Amino acid sequence: MNFVFDPSWLPKLAQGLSLTLQLTAYCMALGAGLGLLLGLLRVYGGGRFSPLYWLASAYVHFFRGTPLLVQLLTIYFGLPSVGIVLGPFQAGLLAMTLNTAAYQAEYFRGAIQSVKAGQMLAARAVGMSRPQAVRHVILPQALRLVIPPWSNELIYMLKYSSIVSMTALRPETWDLFGVGRQIASRNFRYFEVYILVALFYLALVLLFTVALRWVEGRVRVPGLGTPGRGV
Amino acid sequence: MPLLRVEDLHKRYGHEEVLKGVSLTLEPGETKVVIGPSGTGKSTLLRCINRLTEPDRGRVWLGDLEVTARGADLNKIRAQIGFVFQDFNLFTHLTALDNVRLGLLKVRRMGRREATERAMAELERVGLKAKASAYPAQLSGGQQQRVSIARALAMDPKLILFDEPTSALDPELIGEVLSVMIELAREGMTMIVVTHEMGFARSVADEIVFMEGGVIVEQGPPEVLFRSPKVPRTGEFLRKISELYGEAG
Amino acid sequence: MDLETWAKVVPELPKLLQGLLVNVEILLGLISLGFVVGVGAALLEVYAPRPVGFLASAYTWFFRGVPEIVLLFLFYFGFDQFGIKISAFLAAVLALGFRSSAYQAQIFRGALLSIPAGQVMAARALGLSRLGAIRYVVLPQALRLSLAGWSNEFSSVLKDTTLAWGIGVVEVTRQASYIRATDFTLTLPLYLTVALLFLVLTYAGNFAIGMAEKRLRVPGLEGRR
Ligand SMILES: Nc1ncnc2c1ncn2[C@@H]1O[C@H](COP(=O)(O)OP(=O)(O)O)[C@@H](O)[C@H]1O
Ligand SMILES: [Mg+2]
């Protein structure tokens, strides 16, 4: 059993890495916007029978209850039949964004709801409107609480970005895994290359974990707990 | 021969010397009450006796069996020493009956029928037969502590160690636990009881042991210790305790 | 996407369900493997001496940090390179099973650590051995406390079984692709049907776990979601 390693693999993998990071960053940012909106709708969008609440809930249930791969295939192969044609990168980014938005919506909802009811009362008591109270009192607390689950979500999406190259035939749209797959099958060195790819992902996970812990520590406010961690 | 002999126990946690050479003996049927300010090492002493905590130095005998011997069969020894905790420590996932039965089934290897009968008998003894199928969370503190006494009794212990059995209880629940313990003492159970209940100590204890700073300051029969302690510190402590907790119990 | 096109999906349902059955088989395999290995790893992490515990932590860290797809390819093609031939199905069960074990270990480890020390002390005081205390007191409590976490893990691995598609397992998404190849107009309704099937499975599964949770519930011992 001998192992082969070719240093020329590294720059190629690094190129794939850049696409992986782009996908992850874009989908997390876009997903945060959409997710926050959905989360707010589920908390403040009127009662159980308001259409806004209902739409947001249906969205969240659908995208959390179905596989990301199926969502991707639907978008990439299915949407052209209704006239929407997307490239592999765009389709991948759209699927990841729609998917993570549903999960992030739940984290935002959980965080908003775990801010104590007295906070809203106190904000209204000093004369703030409801939207003002949400913006200046509830959200600053909720956004801090959401950091730990959001960090987990980021790492999930980093890993899930690896499925986009399953639909990509051209090298320009290959992510870290896609590049690795190409190298592996060209050289018949599956074990070494996939282990190398795995190490790349592990390094990213480590980097993100450390970075997000640091952010969490920076924005920490004494007395504001961090639910969702340490259970 | 004494039932329990403790000789020169030492225990240190980091820099803090918690037990600085504690010795005592217990005759069969005797009840000793241990008192002393908190943080003095009373719990540590009890735990060293059945080696839930490992003493640094000193020896313990249960009858002619040395508990502290190298290679002593600890599980077998512990099965003969009942332990009642301040915060009950009933097994959360088991009913009262199963709490009492677990040791019988898994340590004493009793058959299921026999174990059930025995466990029910012990529950009846502490007045909780009706609560056999209740989970700990469904019982009051006093009831939980009585179940934990039944759990200890079911093992036919030679000796029971009580670590502040009523300290975690609301005042109105203390009586029901104490009366079970008084009954046990009357039936001749050998016990060491760490407690602040001076009424109980006065009426039940054969001897009171006053501990402070990791050593036994003074010990003797209650009437002697209460009336004319040799060490002034003992009298001071007894007065303070009586003010804090009253004499009832 | 008119009703007529949707109607054409109906005759294909048996094939889709046949594919879905493969997903369920993978699911059962990977969950069981993940459970056994995960509980073992968690016990080692909490109770084993340092070096062993560290190895267990390294194991869970690896399998939590690597994408499923990479693991699938590593197991299927990587083993093959050394002459160890395993079927794509088995590779899927192993890769996803070990990955799940790492997550299950994390869930279970949290549950183990949340059990108060007094529980073990009371068990030891009765004369139970360390192993006995773990088996009769710690495990039953920790397993109950883990149920909430497990129901999340169930939903997530159920969906991940579709990734076996990547190494050629003929599960439901691949069945859908085969059917699609015979009639491209069916693409959208086909994939939406697959999505719907997963919604049904997810909710049915969560309902079943919820029932189990209710049956096993002990007052005073509720898992935190
Ligand atoms: N497991 C432990 N680790 C470190 N210190 C301990 C431990 N258990 C007890 N101690 C310390 O030993 C001292 C005596 O404790 P304890 O025996 O519980 O006293 P008491 O029961 O008389 O209140 C205390 O200062 C306590 O902080
Ligand atoms: Mg104490």
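**Strands and helices, chain by chain**

Visitor: Over how many bridges do strand 1 and strand 4 of chain B pair?
Guide: In this predicted model, strand 1 of chain B runs against strand 4 (residues 57-62) in the antiparallel sense. Strands here are DSSP runs of E with at least two residues, helices are runs of H or I with at least four, and both are numbered from the N terminus. Two strands pair if DSSP finds at least two bridges between them; for strand 1 and strand 4 of chain B the count is five bridges.

Visitor: How should I read the numbering and the cut-offs?
Guide: Residues count from 1 along each chain as its sequence is written, while chains are lettered from A and ligands numbered from 1 in the order in which they are written. As the model is predicted, local features need pLDDT of at least 70 and side-chain atom pairs count only at pLDDT 80 or more, though totals for chains, interfaces and linings use all residues; side-chain values use heavy atoms, with hydrogens and water left out.

Visitor: Which residue in strand 4 of chain B is the bridge partner of B:His10?
Guide: One place to look along this pairing is B:Leu4, which stands opposite B:Leu62 in strand 4 of chain B. For B:His10, the bridge partner in strand 4 of chain B is B:Arg57.

Visitor: Which glycine in the turn between strand 1 and strand 2 of chain B has a positive phi?
Guide: Strand 1 (residues 4-13) and strand 2 (residues 16-26) of chain B are antiparallel over eight bridges. One of the pairs joins B:Leu9 to B:Val22 in strand 2 of chain B. The two strands form a hairpin with two residues between them, and the turn residue with a phi of about 60 degrees is B:Gly14.

Visitor: Which residue takes a positive phi in the hairpin of strand 4 and strand 5 of chain B?
Guide: Strand 4 and strand 5 of chain B pair in the antiparallel sense over two bridges, and B:Trp61 stands opposite B:Glu66 in strand 5 of chain B. Two residues lie between these strands, and the residue with a positive phi near 60 degrees is B:Gly63.

Visitor: Which strands are the edge strands of the four-strand sheet in chain B?
Guide: This open, antiparallel sheet of chain B has the order 2-1-4-5. An edge strand pairs on one side only, and that holds for strand 2 and strand 5 (65-66) of chain B.

Visitor: Why do strand 6 and strand 10 of chain B each have one side without a neighbour in the sheet?
Guide: They belong to an open sheet of six strands in chain B, with mixed pairing and the order 6-7-8-3-9-10. Strand 6 (81-84) and strand 10 (215-220) stand at the edges of this sheet, so each has a single partner strand.

Visitor: In strand 8 of chain B, which residue is the bridge partner of B:Val34?
Guide: Strand 3 (residues 31-35) and strand 8 (residues 191-194) of chain B pair in the parallel sense over four bridges. Within strand 8 of chain B, the partner of B:Val34 is B:Val194.

Visitor: At roughly what angle do the axes of helix 2 and helix 7 of chain C cross?
Guide: Axes are lines fitted to C-alpha atoms, for helices over the stretch in contact, and angles run from 0 to 180 degrees between N-to-C directions. The axes of helix 2 (residues 13-47) and helix 7 (residues 130-160) of chain C come within 11 Å, and they cross at roughly 135 degrees.
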